[in-house]
Structure formats: C-alpha cells, structure tokens
Amino acid sequence: MTRRLVVGITGATGAVYARRLLERARELGLETHLVVTPAGVLNVHHELGLDRRALEALATHAHAPGDVGACIASGSFDTAAMVIAPCSMKTLAAVAHGLSDNLLTRAADVTLKERRRLVLMVRETPFNLAHLRNMTAVTEMGGIVFPPLPAFYLKPASIDELVAESVERVLALAGVGGAEPRAWQGL
C-alpha cells in the first residue's frame with residue numbers, strides 16, 4: 001500500500017490539527033506532501049508561531065500552492081489519501097464545485113477522481129445553507145467531511161489530548177495503518 005499522504009492547510013482556525021497530523025504521519029513513517037495556502041501560512045504563524053520554513057520542515061515534501069505542475073496534481077502520482085486540516089469554507093466550496101484553481105484544490109480534485117480518501121476537517125460555525133450543501137456535494141463525491149468535534153466521553157485532560165484524538169480518527173478514516181483512535185468501551 002502507498003505510504004504517501006497529501007496534507008493541505010488553509011486559513012481556517014485549527015492549525016494545531018495540521019501540526020499534529022504532520023507529526024503523527026512522520027511517527028507512522030508516512031511520506032507527506034504538504035501544500036499550504038497563503039492564508040494558511042498566516043494562520044499557522046498567528047496560532048502556532050511557526051513561519052513557513054518551520055511548518056514545511058514538518059513534512060517530507062512541500063509544494064507551493066501555485067505549482068499546479070507538482071506531482072500531487074496528477075492522478076498518476078499514487079497517494080493513500082489527502083487530508084485538508086483545517087479546511088476553510090472557501091476551500092470546501094472550491095472542492096465541492098471542482099474549482100481546481102490552485103494546487104491544494106487540484107490535489108483534492110485528483111484525490112476524488114482517483115477514488116482515494118479525501119478527509120476535510122472543516123472549520124466554521126454556525127454553518128449556513130451554502131456550507132451544508134457544499135458538505136453534501138463533497139460527501140456525494142466520496143469525500144469525508146470531518147469537523148473536528150471533540151469526543152468528551154473519552155474524558156480528555158487537555159487540549160492536546162483532544163487534538164491528538166481527532167487526528168487519530170482522521171488518520172483512521174484516511175485508511176492509514178497504525179492510527180490508534182480510542183474506541184468507546186461502553187458504560
């Protein structure tokens with residue numbers, strides 16, 4: 001099985017999910033291909049204090065969002081899955097409508113057309129009707145919409161535990177071997 005994961009980062013809040021996803025992917029021995037929108041870079045800096053170079057150091061390979069000729073823009077480049085963490089409503093809309101206007105949205109389009117797993121960690125509340133319809137469209141195309149809602153029944157002791165558990169669930173949904181989401185054990 002291919003051990004490549006494409007990771008997209010947009011300007012929505014929740015950069016901590018992206019950082020943990022990249023760290024965990026490295027722990028699992030995955031080759032990661034990162035593409036970050038300009039707003040994503042701004043948000044990562046604001047929320048985590050990381051600049052582009054520090055963020056890209058967490059990935060195996062980093063691609064510029066304008067580089068539509070990058071390997072991840074083609075279905076012939078085999079990947080296991082793609083995760084957009086966090087995923088803005090703008091990016092959700094672009095994916096839902098097939099607007100491959102940058103490398104991130106092109107890679108998502110390729111993921112869907114090749115019938116690979118695409119997981120979108122959408123970040124916005126409350127949802128308006130356009131958001132909901134775009135989530136429905138992506139779901140109908142085979143994507144997985146995963147708002148990072150915490151599982152409080154696991155009794156997390158910290159924000160780090162909440163983030164880590166959400167990332168484990170996302171990796172499992174993406175079909176990544178070695179992901180270890182905690183299962184509900186019953187009452």
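A nonpolar core is here a set of buried Ala, Val, Leu, Ile, Met, Phe, Trp, Tyr and Cys residues that are joined through side-chain atoms within 4.5 Å. The views below are taken from a predicted model.

**View 1. The largest nonpolar core of the predicted model, with 32 residues.** Leu5, Ile9, Leu21, Leu34, Leu55, Val83 and Leu171 are the residues with the most contacts inside this core. At least two core residues come from each of β1 (4-9), α1 (15-27), β2 (31-36), α2 (38-48), β4 (81-87), β5 (117-122) and α7 (159-173), and α1 gives the most, with 6 residues. A second, separate core has 23 residues, among them Phe77, Ile84, Cys87 and Leu118.

**View 2. Surroundings of Ile9.** Beyond residues up to four places away in sequence, Ile9 touches residues including Leu34, Val36, Val44, Leu55, Ala85 and Leu104.

**View 3. Strand β4 and its two pairings.** β4 runs parallel to β1, to which 4 bridges join it, and also pairs in the parallel sense with β5, over 5 bridges. Ala81 of β4 stands opposite Leu5 and also opposite Arg117 in β5. Of the 7 residues in β4, 7 are buried; Ala81, Val83, Ala85 and Cys87 point one way, whereas Met82, Ile84 and Pro86 point the other way.

**View 4. Gly14 in the loop between β1 and α1.** Gly14 counts as buried because its relative accessibility is 8%, and buried means under 20%. Apart from neighbours within four places in sequence, Gly14 is in contact with Asn43, Glu47 and Pro86. Ala54, which is 40 residues apart from Gly14 in sequence, lies 17 Å from Gly14, C-alpha to C-alpha.

Notes:
Residues are numbered from 1 along each chain as its sequence is written. This is a predicted model: local features need pLDDT of at least 70, side-chain atom pairs count only at pLDDT 80 or more; totals for chains, interfaces and linings use all residues. Side-chain values use heavy atoms; hydrogens and water are left out. Buried means under 20% relative accessible area, exposed over 50%, partly exposed in between (1.4 Å probe, protein chains only). Contact means heavy atoms within 4.5 Å. Two strands pair if DSSP finds at least two bridges between them.
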